[in-house]
Amino acid sequence: MSFETYVEAAQQFFDELVDRADDDELFAGGYLRGHFDLAVGYAQVEELDLAPEELNNKIEESLVKAYKNGELTEDDKTHVVNIWEQVKALAA
């Protein structure tokens, strides 16, 4: 799967999440989308030709840093990880 195709699929996933998610999932999806969009933006500005797996690694680095900084409660982390696993599966 190409970078562009993965990004489009993930954006569609996040958009559709709004219609079916509960409040916790909406928060987690929005939080994760921020990390996702930031990583995509950096890749585009820096003109990096990333594979989906490389993009995912950058997002996971960002999430780990956020977790270490105490940005999320344990419950929120659980929801973020659940949504993240669904997004990563889109690249398979």
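This is a predicted model: local features need pLDDT of at least 70, side-chain atom pairs count only at pLDDT 80 or more; totals for chains, interfaces and linings use all residues.
**Ala21.** Buried or exposed, I wondered, for alanine 21? Alanine 21 has a relative accessible area of 15%, so I wrote it down as buried, the cut-off being under 20%. Alanine 21 sits in the loop between H1 and helix H2 (23-45). I also looked up its separation from glycine 34, which is 13 residues away along the chain: the C-alpha atoms are 17 Å apart.

**Aromatic pairs.** How many aromatic pairs does a search of the whole structure find? The search turns up four. I took tyrosine 6 and phenylalanine 36 to begin with: their ring centres are 5.9 Å apart and the planes stand at 70 degrees, so I logged the pair as edge-to-face, which needs over 60. Tyrosine 6 belongs to helix H1 and phenylalanine 36 to helix H2, so this pair ties together parts 30 residues apart in sequence. I checked burial too, and both tyrosine 6 and phenylalanine 36 are buried.

Phenylalanine 36 came up again with phenylalanine 14. That aromatic pair is also edge-to-face, at 5.8 Å centre to centre and 65 degrees between the planes. Phenylalanine 14 lies in helix H1 and phenylalanine 36 in helix H2, so here the parts tied together are 22 residues apart in sequence. Phenylalanine 14 and phenylalanine 36 are both buried. Which residues do the ring pairs link into a cluster? I have Tyr6, Phe13, Phe14 and Phe36.

**Glu47.** Then I turned to the backbone. Most residues other than glycine have a negative phi. I placed glutamate 47 in the loop between H2 and H3. Its relative accessibility is 72%, so glutamate 47 goes down as exposed, with the cut-off at over 50%.

**Negative patch.** Last, I looked at surface charge. Which residues gather in a patch of negative charge on the surface? My list reads Glu4, Glu8, Asp49, Glu53 and Glu54. Helix H1 (3-20) and helix H3 (52-68) are the elements that each give two or more residues to this negative patch. I followed up on glutamate 54, which lies in helix H3. Glutamate 54 has 40% relative accessibility, so it counts as partly exposed, falling between the 20% and 50% limits.

Conventions: Residues are numbered from 1 along each chain as its sequence is written. Side-chain values use heavy atoms; hydrogens and water are left out. Patches are made of residues with over 30% relative accessible area and no salt bridge: like charges are joined within 9 Å, nonpolar side chains (Val, Leu, Ile, Met, Phe, Trp, Tyr) within 5 Å. Accessible areas come from the Shrake-Rupley method with a 1.4 Å probe; for residues, only the protein chains shown count as cover. A salt bridge is a side-chain nitrogen of Lys or Arg within 4 Å of a carboxyl oxygen of Asp or Glu. Lys and Arg count as positive and Asp and Glu as negative; His and the chain ends are not counted. The place of a charge is taken as NZ of Lys, CZ of Arg, CG of Asp or CD of Glu. Helices (H or I, at least four residues) and strands (E, at least two) are DSSP runs, numbered from the N terminus. Buried means under 20% relative accessible area, exposed over 50%, partly exposed in between (1.4 Å probe, protein chains only). Rings of Phe, Tyr and Trp (its six-membered ring) pair if their centres lie within 6.5 Å; planes under 30 degrees apart count as stacked, over 60 as edge-to-face and the rest as tilted.
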